Amino acid sequence: MTRAPLLIIVSIIGISNIFAATLEQSLYIISDSIQTVDSITVPYLSYNQTDSYTKDSPIINVNSGDTLKLWIYNHDSIGHGFTIKNLSDNYTIPAGDSVYLEQVFVEEGLYIYHDKEEYPKNTYLGLAGMIVVNEVNDHNFYWNIKEHNAEWNFNLTEGLTVDWENYDPKYFTINGNSNPHINADTLARITGTVGDTIYLNIANTGLSIHSMHFHGYHAEIIFSSLHPTHQGRIKDTFPVYPMETLRLKIVPHQAGEFPIHDHNLVAITGNNIYPNGMFTTILITP
Amino acid sequence: MKQLFYILFFAASLNGMAQVETTFIFSKMDIEAQHILWDNTPTMLMGFTTTMGGSIDIPGPTLNYFEGDSVELKLRNMSQGASHTIHLHGLDVNQQNDGVPHLSFEVGHNETMSYFFKAPHPGTYLYHCHVTSALHVQAGMYGLLIVKPNTGINETWEGGFLYDSEYAWMTSELDLAWHEDSIINHPHDTTTMEVHLPDYNPDYFLVNGRSEQELNNENIAVNVTANEVVLLRLANIGYYGNTYHFPMHLNARIISSDGRPLPSIEFSDSLSIMPGERYQVLLQSTNELEAVIRVDYINLNTQTVENTQEISVLISGYFSVSENKYEAINIYPNPSLGKLHFSTEINEIELYDLNGRLLKTKVNANFIDITDLEKGSYLINLDGQIKKIIKK
């Protein structure tokens, strides 16, 4: 009985070392396509967990103290790159080549990995994903938000130039999907019950500012890569700046189905059709 | 006189506080271009009015409630066309009263339906139509909703910041192409929500529906006396971002957002407000001043400033001795090692570090002990009057 408190203290102090791990992950850069909400197939790039293409670059989960060993294979016909924004060096990867890197994650947070070669071209074309450090419960959801101009995707992959200073996107997606398809994505569509503690991890890998508004609930900013001093703010509308991340905590006080959408209401459209853009719903049961 | 006005205002308002409030609002659409913009260009609007015969203006009427009021908001749709709703933006009402067509109800032409809610946290909120929201909001179907604390005094929330006067500014843009009859008078098909919209290239950049020289309007331009504490209620319902630039001498303090106090207030001469966000800011100048507050309108895709509007600020004269509750307060000794004394008793004392973190509070006292503070500079708020103090 008398030793129990001492054992507990030792366990708490040692917790980060006990659970620090070395994780191994491979990423394959593959050039393929994405389909818009109005069924246009446009060129797209992504990092993939295998050498089979999917449009979604994977979410990588680690804990603080962990070491991530990454092998990145470039299966595209042109050179690409890899960096973890605000964290790692930049690595260039010639066509058909690969790189290996190790990254230790010291601090909790939400990071964007991407290809910053010829920035913003390759990131815009899809080579960007997120790394979540320290997931804290089972109720985590993930939004990789961005915009697209289909004509630009064709031009860029054909080696033509585009006028980045007059960027004018036509499609707005969460994890590559627009309304009504976002709700079919279990990583994106927030579900839970009243009183749950829910975390939403948002990475804006696009070029536009998105101002995400919650109906029905306020949420708390747990992590902001751009504005660390905003941690603890409780709001219903959350600007997410290009290449920045935000982690929110939601504890639903009421049941219901409520929209969450970009309050730049132009971003609720898809190729000028309303409501085919960045619009989803949160579903909370009693 | 000003103080007396506020006392009388609140005495009158108290009669209506924390009770059942019924508000009637009409949704309408212009049958021709009749809303006149600052350069005399006419345009068509959809919007809200408080009377059946009233002209549509942007923004719509401001809805004012006190914390705890039980509200019935009746919407009568007289638009001759599309259905409408009222989304109570930020109030976290239940699904039935949230005003989203396919998740609750919509109000068809010539119908009257009610939204029920309890006025929540004091703060600045919005309301807008959520039917084909991108179009109906651009068309003019929006307004402010303000909830005040149920305390009978000018304070931001119960136990919050005291203020003397307030201004509410709602920013938006207007693209004339979206107001053409062929667009604004869109066919309403209840079996589909899909509507084709033009590209968005706004022609007008608005504060409370006004721009350019119209911003000298007495309800928009700031005209107060030195030492007055001014509460700004700022809301962005547009599709561009805004950045406000406050003259340094206004000592802007950002105190809350989206109906909730910030964990630590922020002292800043600029503030960005993105679509759907609201902020509350306190201004206070200790000197006479003639200046402008600039409001930038930022294209969210290119992050370029597309337009800047200017709101004039005139700080003239001082409260007279009989009117001024913020009479000149002497602090001594300053710098100090231990106790800071004040020349008069202060109702509310707040001491902040230079990052805006609240370190100490005290009420009804003529001194505060700073023995335990690190050496350095701090800000002290004495009943709304901010001064710099130094710990030796």
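A: The model is predicted, so local features are used only at a pLDDT of at least 70 and side-chain atom pairs only at 80 or more, while totals for chains, interfaces and linings take in all residues. Residues are numbered from 1 along each chain as its sequence is written, and chains are lettered from A and ligands numbered from 1 in the order of writing.

Domain 1 of chain A contributes 23 residues to the contact, and domain 2 of chain A contributes 22. Two residues are in contact if their C-beta atoms, placed from the backbone, lie within 7 Å. On the domain 1 side, β8 (109–114), α3 (121–124) and β9 (128–133) of chain A each supply at least two residues. Of that side, β8(A) holds the largest share, with 5 residues. Helices (DSSP runs of H or I, at least four residues) and strands (runs of E, at least two) are numbered from the N terminus.

The two domains of chain A run over 21–136 for domain 1 and 156–285 for domain 2; such bounds come from an automatic or database domain assignment. Their C-alpha centres are 20 Å apart.

Chain A as a whole has 4 helices and 21 strands. Its radius of gyration is 20 Å, close to the 19 Å of the globule rule for 286 residues, so chain A is as compact as a globular protein of that length. The radius is taken over C-alpha atoms, and the rule is 2.2 Å times the number of residues to the power 0.38. The C-alpha trace of chain A spans about 75 × 45 × 35 Å along its principal axes. Of its 286 residues, 47% are buried, meaning that 20 or more other C-beta atoms lie within 10 Å of a residue's own; 12 or fewer count as exposed and values in between as partly exposed, with C-beta atoms placed from the backbone. Among contacts in chain A between residues at least 6 apart in sequence, 67% join residues at least 24 apart.

The confidence, pLDDT (the predictor's own, for each residue, from 0 to 100), has a mean of 93 in chain A, where 93% of residues reach 70 or more. Residues 1–17 of chain A fall below 50, and this stretch has 2 contacts in the model beyond near neighbours in sequence.

Chain A also touches chain B, through 36 residues of chain A and 34 residues of chain B. Among the elements of chain A on that side, β14 (210–214), β16 (234–235), β17 (237–240), β19 (256–262) and β20 (273–274) each give at least two residues. The most comes from β19(A), with 4 residues.

Chain B contains 3 helices and 27 strands. The C-alpha trace of chain B spans about 75 × 45 × 40 Å, and 43% of the 392 residues in chain B are buried.

One open sheet of chain B has 4 strands in the order β5-β10-β9-β7, with mixed pairing; two strands pair if DSSP finds at least two bridges between them. Its edges are β5 (63–66) and β7 (87–89) of chain B, each with a single partner strand, so one side of each has no neighbour in the sheet. The twist averages 25° from one strand to the next. Axes here are lines fitted to C-alpha atoms, for helices over the stretch in contact, and angles run from 0 to 180 degrees between N-to-C directions. β7(B) pairs with β9 (residues 123–128) of chain B in the antiparallel sense over 3 bridges, and His89(B) has Leu126(B) as its bridge partner in β9(B).

Another open sheet of chain B has 6 strands in the order β13-β11-β15-β20-β17-β18, again with mixed pairing. Its edge strands, β13 (204–207) and β18 (260–267) of chain B, each pair on one side only. Neighbouring strands are turned by 20° against each other on average, direction ignored. β17 (residues 253–257) of chain B and β18(B) pair in the antiparallel sense over 4 bridges, with Ser257(B) opposite Arg260(B) in β18(B).
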